[in-house]
Number of protein chains: 2
Amino acid sequence: MRVVVPYAAEEPKTRLADALSPEERVEFAAAMLADVLATVRAAGREPEVLATAPVAADAPVTVDERALTPAVDAALAETDDPVAVVMADLALATPEALSRLFDASRATDPDEGADVVLAPGRGGGTNAMVVAHPEFRTDYHGASYLDHLARAREVDASVATVDSHRLATDVDERVDLAEVLVHSDGRACAWLADAGFVLSTDGGRVRAVRE
Amino acid sequence: MRVVVPYAAEEPKTRLADALSPEERVEFAAAMLADVLATVRAAGREPEVLATAPVAADAPVTVDERALTPAVDAALAETDDPVAVVMADLALATPEALSRLFDASRATDPDEGADVVLAPGRGGGTNAMVVAHPEFRTDYHGASYLDHLARAREVDASVATVDSHRLATDVDERVDLAEVLVHSDGRACAWLADAGFVLSTDGGRVRAVRE
């Protein structure tokens, strides 16, 4: 099984603009990428980075300037092997959570595993998947989790879903930073702490604020 | 194992005031409660409601006017049996997700289960737990997940955490309504659809908007 980690190397994490400067967003995105690569390895797999531009990373890097959907689809098309796609901003991912993803696939479990395994993200996204079906292609625009379920039905692929808060939490918006502070102890969490972020317990949910 | 479902019967879901009228919030909260009670039963357990005021529900209702922490602590104190506490706004909960919670407890698995099982909610909350330790008490204010981890350490209770998007998603704020539309097919989802809510795919994450 290949494990591909797509990475927007240019102007990453624009939806964090209200919390971090452009330079900080580059650093924070790189910290999250490093966490994800280390977690994939800790789950016993060798990650590869699929980046929109050349980038320094502790893994082989392929550059594809295209948008996420055509770039990932090209990776799916170039091999008959199963391909896992794990987003680079899953700072909460653990080896256990990724193993649940991988183990639900036919690639790992030929008898019980599914052709397509999806880890839904908050807001209808798809944060990780394993594709072990030759005809399945992606559609990351909009409510991609629902679109991917529909795509799987179209090509008659069996589907499993991984119910994981850690995999559902892509770190895109300011509200997500609190999740990193609560649930991670990796590089991304250390970066936020160094940048002065702490948890604030005013109001309902806990928020990350900068001191 | 007792399964207690706390329910704020008066002025529920105030943080949904920007999306729903007071009367609608009462209806929607009741639909979520009904979903949770049905899901607890589908997981093979008999739920009880712990409400702040008399309320009609398809389960025995105990009224305790106090805040969540003292009301739940009183429920913990009145029995030596293990007690599960499942929030009434977990509209995405499934029997499978609740079974993962229950099965991680010493109450279900005396050999491998933990004294305290926690299902963290988004924003540092605690959306469900199973307590099988006589000294553990709750603290639902602020980052309760971290506080509950600390409490368990203080009383030397072993802890397990359930990594579930469905249990992490308490439906408190407008942004959470999209999760119900994407992931639920219960009464709460039907209520939202009847009230005119649909998914909108503008921007990053999918949002629930009213037509």
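This is a predicted model: local features need pLDDT of at least 70, side-chain atom pairs count only at pLDDT 80 or more; totals for chains, interfaces and linings use all residues.
Start in chain A. A:Asp89 and A:Lys13 meet in a salt bridge, with 2.8 Å from N to O. This pair links distant parts of the chain, 76 residues apart. A:Asp89 sits in the loop between strand E4 (83-86) and helix H3 (95-103). A:Lys13 sits in the loop between strand E1 (2-7) and helix H1 (22-42). A:Asp89 has 9% relative accessibility, so it counts as buried. A:Lys13 has 16% and therefore counts as buried too, because the cut-off is under 20%.

Now turn to chain B. B:Lys13 forms a salt bridge with B:Asp172, and their closest N and O atoms are 2.6 Å apart. Here 159 residues separate the partners. B:Asp172 lies in the loop between helix H5 (165-168) and helix H6 (174-183), while B:Lys13 lies in the loop between strand E1 (2-7) and helix H1 (22-42). B:Asp172 is buried at 12% relative accessibility. B:Lys13 is buried at 15%.

B:Glu24 forms a salt bridge with B:Arg210, the closest N and O atoms being 2.5 Å apart. B:Glu24 belongs to helix H1 and B:Arg210 to strand E9 (residues 207-210), so the bridge ties together parts 186 residues apart in sequence. B:Arg210 is partly exposed, with a relative accessible area of 33%.

Finally, consider a network. Salt bridges with shared partners join A:Lys13, A:Arg15, A:Asp89, A:Arg122, A:Asp170, A:Asp172, A:Glu173, A:Asp176, B:Arg205 and B:Arg207.

Key
Residues are numbered from 1 along each chain as its sequence is written. Chains are lettered from A and ligands numbered from 1 in the order in which they are written. Side-chain values use heavy atoms; hydrogens and water are left out. A salt bridge is a side-chain nitrogen of Lys or Arg within 4 Å of a carboxyl oxygen of Asp or Glu. Helices (H or I, at least four residues) and strands (E, at least two) are DSSP runs, numbered from the N terminus. Buried means under 20% relative accessible area, exposed over 50%, partly exposed in between (1.4 Å probe, protein chains only).
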